[in-house]
Amino acid sequence: MSHSKKPSFENVDYYLDLALNIAYYRRLAGYTQVMLAEKAQITQPYLGSLESVNNPKHCSLEVLFNLARALNIQPYQLLKPLAEEKEASSEQEQGEGADTEKV
């Protein structure tokens with residue numbers, strides 16, 4: 001198995017999902033890159049590189065777990081395609097709204 005610096009073509013979408021999710025959940029939590037990097041015990045430049053969609057970077061499971069903990073989410077949420085997460089959230093909000101209208 002090769003340990004190349006660039007992700008293989010087959011995995012690029014996963015890296016893009018990770019980059020977009022880190023940025024999405026960071027903004028949702030109201031954190032700057034500096035704030036999240038500090039909470040996740042990594043540097044801001046490294047976090048910036050993980051959020052970059054133009055040049056995907058590898059990260060360890062330890063970093064993934066630290067980011068998830070700092071963002072108060074489950075680690076799988078950083079890997080799940082963001083469109084799926086938004087759809088699930090939207091459906092949940094619609095269901096809650098329906099319950100309150102009946103009262």
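Q: Which pattern does the protein chain follow, read along the sequence?
A: Helices (H or I, at least four residues) and strands (E, at least two) are DSSP runs, numbered from the N terminus. Here the protein chain follows α-α-α-α-α. That is 5 helices and 0 strands. The model is predicted: local features need pLDDT of at least 70, side-chain atom pairs count only at pLDDT 80 or more, and totals for chains, interfaces and linings use all residues. Residues are numbered from 1 along each chain as its sequence is written, and side-chain values use heavy atoms, with hydrogens and water left out.

Q: How many of the residues in the protein chain are buried?
A: Buried means under 20% relative accessible area, exposed over 50%, and partly exposed in between (1.4 Å probe, protein chains only). Of the 103 residues in the protein chain, 30% are buried.

Q: Which residues of the largest nonpolar core touch the most other members?
A: In soluble globular proteins, nonpolar side chains tend to be buried together. A nonpolar core is a set of buried Ala, Val, Leu, Ile, Met, Phe, Trp, Tyr and Cys residues joined through side-chain atoms within 4.5 Å. The largest one has 18 residues, and Ile22, Leu36, Ile42, Leu47, Leu67, Leu71 and Leu78 touch the most other members. H1, helix H2 (33-40), helix H3 (44-51) and helix H4 (61-71) each supply at least two residues of this core. H4 gives the most, with 6 residues.

Q: What is Leu67 in contact with, leaving aside its neighbours within four places in sequence?
A: Contact means heavy atoms within 4.5 Å. With those neighbours set aside, Leu67 is in contact with Ile22, Leu36, Ala40, Ile42, Leu47, Leu50 and Leu78.

Q: How many aromatic pairs does the structure hold?
A: A pair of aromatic rings is described by the distance of the centres and the angle of the planes. Rings of Phe, Tyr and Trp (its six-membered ring) pair if their centres lie within 6.5 Å; planes under 30 degrees apart count as stacked, over 60 as edge-to-face and the rest as tilted. This structure holds 1 such pair. The ring centres of Tyr24 and Tyr25 are 5.0 Å apart and the planes are at 75°, so the pair is edge-to-face.

Q: Are Tyr24 and Tyr25 buried or partly exposed?
A: Tyr24 is partly exposed, at 26% relative accessible area. Tyr25 is buried, at 6% relative accessibility.
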